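Here's a friendly tour for anyone meeting this structure for the first time. Have a look at the sequence and the model, then read on.

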Amino acid sequence: MQDTANGFDTPMLGLSRDEWLAQLEQVAEANGHFQPLGKRHWATLVQEKPVLLVTFETIDSIHKRGDTGHPLGWELVRELGWSHLCILSDGDTWFRDPEVMAYFDRLSNEGFFDEFDEVVFYGAGSCGYAAAAFSIVAEDAQVVAIRPQATLSPRIAGWDKRFPQTRKIAFEGQYGFAPEMAAAADRCFIIYDPNQSFDAIHAALFARENTVLLPTPNIGMKPEEDLLDMQILYRVLVKAGAGTLSRAAFYKLYRARRAHMPYLDRILRKVSQKKRPFMTALLCANVARRLKDPRYLRHLDALAQEADQGRLAS
């Protein structure tokens with residue numbers, strides 16, 4: 001693929017919403033299609049083969065990444081020649097609009113997903129919900145969802161009060177209960193922080209025979225951002241597209257957290273708050289030795305001075 005000619009290297013950061021959508025439409029139409037789905041959703045398709053990546057993304061999340069301003073899947077289009085279907089929303093909508101459902105109905109009825117050797121559905125948060133919910137349209141798909149909600153129906157998840165804007169959104173009916181829809185997938189991988197109680201409860205609702213729960217303690221409220229910074233999210237998706245993603249394969253990649261300073265800083269804060277100076281010293285010594293980070297060395301020196309002065313709790 002010639003990136004310059006097909007537009008996948010076109011800078012799209014810093015554009016207004018309308019300018020960005022116009023540029024997105026231009027690139028998508030040159031390589032597949034661009035279709036509005038009601039007032040708040042759009043679909044872009046880049047069709048190559050043999051693997052199709054289906055991502056659910058918001059305009060805001062794309063721009064907050066601050067890299068290229070492109071939908072996440074374009075990286076794999078450029079590097080691997082994958083096909084990419086991006087379902088885009090303006091804000092968190094959980095993709096519950098009838099136009100989005102009708103679009104997937106049409107693709108399914110036309111046998112679109114049967115054209116590919118492998119189909120991977122991906123999303124995070126509200127987009128993770130959608131990735132799992134709509135994966136039912138592709139038989140034996142792979143699903144990778146980061147901290148997804150299983151549903152926000154008051155009947156099932158009335159305990160989750162984090163999203164008051166969903167009170168007018170109907171989660172019942174077609175494509176409604178994401179765990180039930182994802183049960184038709186070959187494998188459904190759920191990445192979440194078990195220390196985030198609501199996320200952990202939603203993850204538990206996904207437990208099925210085909211589900212692989214991947215707890216990532218202390219990754220916090222923005223796991224997608226961390227996995228991108230660790231440079232492993234794309235590798236996770238590539239393994240899913242090759243049918244080789246597994247619990248062991250994920251955690252082998254996730255060892256990258258040992259060199260990811262935001263993650264290590266969270267661990268340091270957590271251990272320090274628990275007033276466990278010995279564990280804190282072990283952590284600081286490990287990081288200072290491996291990564292040569294001066295902050296951790298200073299922290300270790302301060303602990304040593306406090307110990308010498310008898311000021312550390314036993």
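## The largest pocket

Let's start with the largest pocket: 31 residues line it, and S61, K64, A124, K222 and E224 are the ones that lie nearest its centre. Several elements give two or more residues to this lining, namely β3 (51-58), α3 (59-65), β5 (118-124), α6 (126-134), α10 (223-229) and α11 (233-242). The top contributor is α10, which supplies five residues. Keep in mind that this is a predicted model.

How much space does the largest pocket hold? It comes to about 810 Å³. As for the make-up of the lining, you'll find 13 nonpolar residues, seven polar ones and 11 charged ones.

## The second largest pocket

Next up is the second largest pocket, with a volume of about 220 Å³. Its lining is made of L152, S153, P154, A157, G158, D160, K161, F163, P164, T166 and R167. Sorted by class, that lining has five nonpolar residues, three polar and three charged.

One of those lining residues, D160, turns up again elsewhere: D160 is linked with R147, R162 and D199 in a network of salt bridges.

## Helix α13 and Y263

Now for a helix. α13 covers residues 261-273. With 13 residues, α13 reaches 18 Å from its first C-alpha to its last, close to the 18 Å expected at 1.5 Å a residue. After the helix comes K275, which has a positive phi, near 55°.

Which residues of α13 are buried? They are Y263, L264, D265, I267, L268 and V271.

What does Y263 touch, leaving out residues up to four places away in sequence? Its contacts are P217, N218, Y254 and R257.

## Charged pairs

Side chains of opposite charge can pair when their charged atoms come close. How many salt bridges does a search of the whole structure find? The search turns up 14.

One of the pairs brings us back to α13. There, D265 meets R295 in a salt bridge, at 3.2 Å from N to O. This pair links distant parts of the chain, since R295 belongs to helix α15 (residues 294-308) while D265 belongs to α13, 30 residues apart. Are the two partners buried or exposed? D265 has a relative accessible area of 18%, so it counts as buried, whereas R295 is partly exposed at 36%.

Here are two further pairs. R65 bridges to D67, with 3.7 Å between the closest N and O atoms, and D67 is partly exposed, at 43% relative accessibility. E110 and R106 also join up through their side chains, at 3.3 Å from N to O. R106 has a relative accessibility of 33%, so it too is called partly exposed.

Methods. Residues are numbered from 1 along each chain as its sequence is written. This is a predicted model: local features need pLDDT of at least 70, side-chain atom pairs count only at pLDDT 80 or more; totals for chains, interfaces and linings use all residues. Side-chain values use heavy atoms; hydrogens and water are left out. On a 1 Å grid over the protein atoms alone, a cavity is a set of points where a 1.4 Å probe fits but cannot get out, and a pocket is an open set with protein on both sides within 12 Å along at least five of seven lines; lining residues have an atom within 4 Å of a point. Grid points are joined across faces, edges and corners, and a volume is the space filled by probe spheres set on the points. Helices (H or I, at least four residues) and strands (E, at least two) are DSSP runs, numbered from the N terminus. Ala, Val, Leu, Ile, Met, Phe, Trp, Tyr, Cys and Pro count as nonpolar, Asp, Glu, Lys and Arg as charged, and the others, Gly among them, as polar. Contact means heavy atoms within 4.5 Å. A salt bridge is a side-chain nitrogen of Lys or Arg within 4 Å of a carboxyl oxygen of Asp or Glu. Buried means under 20% relative accessible area, exposed over 50%, partly exposed in between (1.4 Å probe, protein chains only). The expected span of a helix is 1.5 Å times one less than its number of residues.
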